Amino acid sequence: MAINKAKVAIGFIVAGVLTVFFGTVLSFVGPLIIDDQIVKNTVIDPKNEMSYTMWKDVPVPFYMSVYFFNVLNPKEILSGEKPMVEQRGPYVYRKRIQKDNITFHPNDTVSYREYRKYFFEPSMSAGNESDVVTIPNMLVLGAAVMMENMPWAVRLMISATFKTFKEGPFLTKTVGELMWGYDSGLVDFLNKYLPGMLPSSGKFGLFAEFNNSNTGLFTIFTGQDDIRNVHKVDSWNGLTELNYWQTPQCNMINGTAGQMWPPFMTKETTLPFYSPDACRSMELVYQREGKMKGIPLYRYVAPKTLFANGTDYEPNEGFCPCRQSGLLNVSSCRHNSPVFISHPHFFNADPVLLDTVRGLHPTEEEHGLFIDIHPQTGVPLNVSIRLQLNLLMKRVSGITETGRISEVVMPMIWFEESGYIDGPILTTFYTNLVVLPGVMEFMQYGFIALGLATIIIASVVHHRVKRSKCDGGGATPDGSTSTEEKDPLLQDDME
């Protein structure tokens, strides 16, 4: 049975058109399918086993690296000379995070408390918790500034109290004691006769209230009603706004709790979050694109305006009373103690701050904070939050422990909280968000290319078949020509 090549070619052309159509449809439907899966797996829902477990228990290892500014010239500082410090550390602690008391509400929100514990990691540290360092005594120098405007007699009494309990202007203690608390007769006295004056009712330490504690009662949106609201804070400790600051804008609780953000981010998207430790909302801005082991990311960093004073950046006026740009006065949420937060080594701060202390060397690579985030899902891939704790020191008449100290914002410690996705979680992330979309994209363009190639080849074959028929239109079945075409002379003889 003879094959009709023209009809076969037409069949291939139709198949090619269908293949191109399928590939084109897939190019539109494929991303929609991926986005739909992202939405389903981003919503905070116990049914989403993997994403819910990641949100609840945060399986990514987090670490807190602490650096102390060891004071080299405490006696000279009391004489009015410029402080000289050297950085000691890091002292690294593994941070375990777990959410508890999880309660879902009918308005598509969920409440929880997040508990944190810290475990020292000697192998990752530059020393041991038994290392001895010297830092300003917050109990003495901080209290002195707080008592500056009290009557002269009260200041004399405070100074006498310091002497009674043998508390000097500087502390020389082990890292472990400074971090998690040390025994102090003055602390016991204050907790007994002036309860509530200190942040901790037990031992006094820089991080004593952090270990085995929670960050407060967060209520956030699950994203069930609107994926654009997922992880955003609805309230904290029952509050929808703060009362620490001077303006409604500064008291706003904005963004998420700082662990995940809504999906489908663009370069214009900012990264707002509320930090209970900083007592305020903060916002990071897009810096650049990048990749982490093949996974695309956006890097977000702190703008220079984050800790700018009200003079340099008017919206920050509500965080005042302010000093130089680069400092955040957190005394209003830290028992009125003269404590300031900044970037480490006064990075991105007024150069005047660097001139008042020797031994600081700020660089963006070592001291700038950043969050690397996967823009399609809003999941952080690599996080490094770096902040510095500073104490305002000055001479206060009547309190002899302050000597002739020149007024200075003194760095005490800086710390980095860091973590990144790795291991099986990273592999799953890479497979679902890079490999599968890549395969789908290859398939859609492959179908289009295959369909176009089929159409072109089939069209060429069809054209040749038609042309060959046109060229041999008078042929007989056996391939010979007709009698009339053989010899015209025979026609004359027959006539």
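**View 1. Confidence along the predicted protein chain.** In this predicted model, the protein chain has an average pLDDT of 87, and 92% of the residues score at least 70. The pLDDT is below 50 over residues 474–495, a stretch with three contacts in the model beyond near neighbours in sequence. Where pLDDT is low, the predicted coordinates should not be read in detail.

**View 2. The disulfide of C279 and C333.** The structure holds two disulfides; the one shown here joins C279 to C333, with an S to S distance of 2.0 Å. The torsion about this S-S bond is about 90 degrees, so the disulfide is right-handed. C279 sits in the loop between strand 8 (271–275) and strand 9 (280–292), and C333 in the loop between strand 11 (328–329) and strand 12 (339–342); the pair therefore ties together parts that are 54 residues apart in sequence. Both C279 and C333 are buried.

**View 3. The disulfide of C320 and C322.** C320 is joined to C322 at an S to S distance of 1.9 Å. The link is left-handed, with -90 degrees about the S-S bond. C320 has a relative accessible area of 14% and is buried, whereas C322, at 32%, is partly exposed.

**View 4. Cysteine pairing and C250.** Counting bonded cysteines along the chain, the disulfides follow the pattern 1-4, 2-3. C250 is in no disulfide; the nearest cysteine sulfur belongs to C320, 8.3 Å away. C250 is buried, because its relative accessible area is 4%, and the cut-off for buried is under 20%.

How values were computed
Residues are numbered from 1 along each chain as its sequence is written. This is a predicted model: local features need pLDDT of at least 70, side-chain atom pairs count only at pLDDT 80 or more; totals for chains, interfaces and linings use all residues. Side-chain values use heavy atoms; hydrogens and water are left out. pLDDT is the predictor's confidence in each residue, from 0 to 100. Contact means heavy atoms within 4.5 Å. A disulfide is a pair of cysteine sulfur atoms within 2.5 Å. Helices (H or I, at least four residues) and strands (E, at least two) are DSSP runs, numbered from the N terminus. Buried means under 20% relative accessible area, exposed over 50%, partly exposed in between (1.4 Å probe, protein chains only).
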